[in-house]
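Here's a quick walk through a protein model, going from the overall picture down to single residues. Have a look at the fold before reading on.

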Amino acid sequence: MDFTVETATDAVLDSFRETEDQRLRQITESLTRHLHDFVRDIEPTMEEWEAAIGFLTAVGQTCDDTRQEFVLLSDVLGVSMLVETLNGAEDGTESTVLGPFHMTVSPHRELGESIDLLGTGRPCVVSGRVASADGTPLPDAELDVWQCTEDGFYDVQQPDVQPPGNGRGLFRTDDEGRFWFRGVVPSHYPIPTDGPVGGLLRATGRHPYRPAHVHFIARADGHQPVTTHAFVAGSPYIDSDAVFAVKRGLITDFTESHDERDAERFGMRAPFTHATFDIVLATAPEATP
């Protein structure tokens, strides 16, 4: 049959009828229906279609080993958070976006070690406990941690300024599920704006800023991993995150402590900033009796 506005969708759907993988068939068919409806809705000109192809090409060409512009595009369109929310566990700490800067393997560090290799910024201790949804502490749980500097940059953004692994650490909880590490209070920062996603934000009058936060991925045997943030309470942009990742339950007090005994316990000098961020992991479905 002729390919017309009316027959286009059925023609493409029919081309997928031999797809053996039924999940792939479901995805391609749904994508076709929604994409065709979108095109019929906006009726793009050829120049607009070429601009869209050029934009997506530029997004791909901006990606490299340390930068993921497609993740950034997914983030600013709210797709990353939608996928995280759909897949988040009903029990346990809320999940949020991975973000575009988890592009390198964090170095293994001992509990209490500093992730700040620069020695600048406002000294900070982050401590907490990883537990199961029933409150049982989880010893030997893995915590992958990464954050920006006090100036709002990740190590992969400043290879000539920051050593690799600055602001990153891979920790294991102790016998009581506890963890603690030293660093600096992170800053709010703009997502990269020198690429096509930055151009999209400017064209739509949106700001590029994210509130200050520390990233975590927590894993433990028999439990669902969680990707989450500890957001710094009171940070600028806490109510207008450019990637829609803030959840009220993840906003954490980063409090100045003048307690000399606490400072000594964490290998710090008072005053220092202390944040407590407990993480609860839901039991993995296959581990549920």
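**The big picture**

Bear in mind that this is a predicted model. The protein has seven helices and 12 strands, and its C-alpha atoms fill a box of roughly 80 × 50 × 30 Å along the principal axes. Of the 289 residues, 43% are buried. If you look at contacts with a sequence separation of 6 or more, 69% of them are between residues 24 or more positions apart.

**The nonpolar cores**

Nonpolar side chains tend to be buried together in soluble globular proteins. Which residues touch the most other members of the largest nonpolar core? They are Leu143, Phe181, Phe216 and Ile279, out of 39 residues in that core. Several elements supply at least two core residues each, and both helices and strands are on the list: α4 (69-76) and α6 (196-203) are there, along with β1 (123-132), β2 (142-146), β4 (178-184), β7 (213-219), β8 (226-232) and β12 (279-281). With four residues, β8 gives the most to this core.

Skipping neighbours within four places in sequence, Phe181 is in contact with Gly112, Glu113, Ile115, Cys124, Val125, Val126, Val145, Phe171, Val214 and Phe216. There is also a second, separate core of seven residues, with Cys148, Tyr154, Val156 and Tyr189 among them.

**Gln147, a polar residue on the inside**

Gln147 lies in the loop between β2 and β3 (168-172). Is Gln147 buried or exposed? Its relative accessible area is 4%, and since the cut-off for buried is under 20%, Gln147 counts as buried. A polar atom of the Gln147 side chain lies 2.8 Å from the backbone oxygen of Val184. Val184 is also one of the contacts of Gln147 beyond four places in sequence; the others are Ile115, Tyr154, Gly167, Val185, Pro186, His213 and Val214.

Most residues other than glycine have a negative phi, and most peptide bonds are trans. The exceptions below are worth a look.

Start with the peptide bond between Ala270 and Pro271, which is cis, with omega about 0°. Pro271 sits in the loop between α7 (260-265) and β11 (272-276).

Then there are Tyr237, with a positive phi although it is not a glycine, and Phe244, which also has a positive phi without being a glycine. Tyr237 is found in the loop between β8 and β9 (251-252), and Phe244 is found in the loop between β8 and β9 as well. Here they are side by side:

| Residue | Phi | Relative accessible area |
|---|---|---|
| Tyr237 | about 70° | 28% |
| Phe244 | about 65° | 44% |

Tyr237 is partly exposed at its 28%, and Phe244 at 44% counts as partly exposed too.

Technical notes. Residues numbered from 1 in each chain as written. Heavy atoms only, no water. Core = buried A, V, L, I, M, F, W, Y, C linked by side-chain atoms within 4.5 Å. Buried < 20%, exposed > 50% of the residue type's maximum accessible area, 1.4 Å probe, protein only. Contact = heavy atoms within 4.5 Å. Polar contact = N/O pair within 3.5 Å; in protein donor to acceptor, adjacent residues only side chain to side chain.
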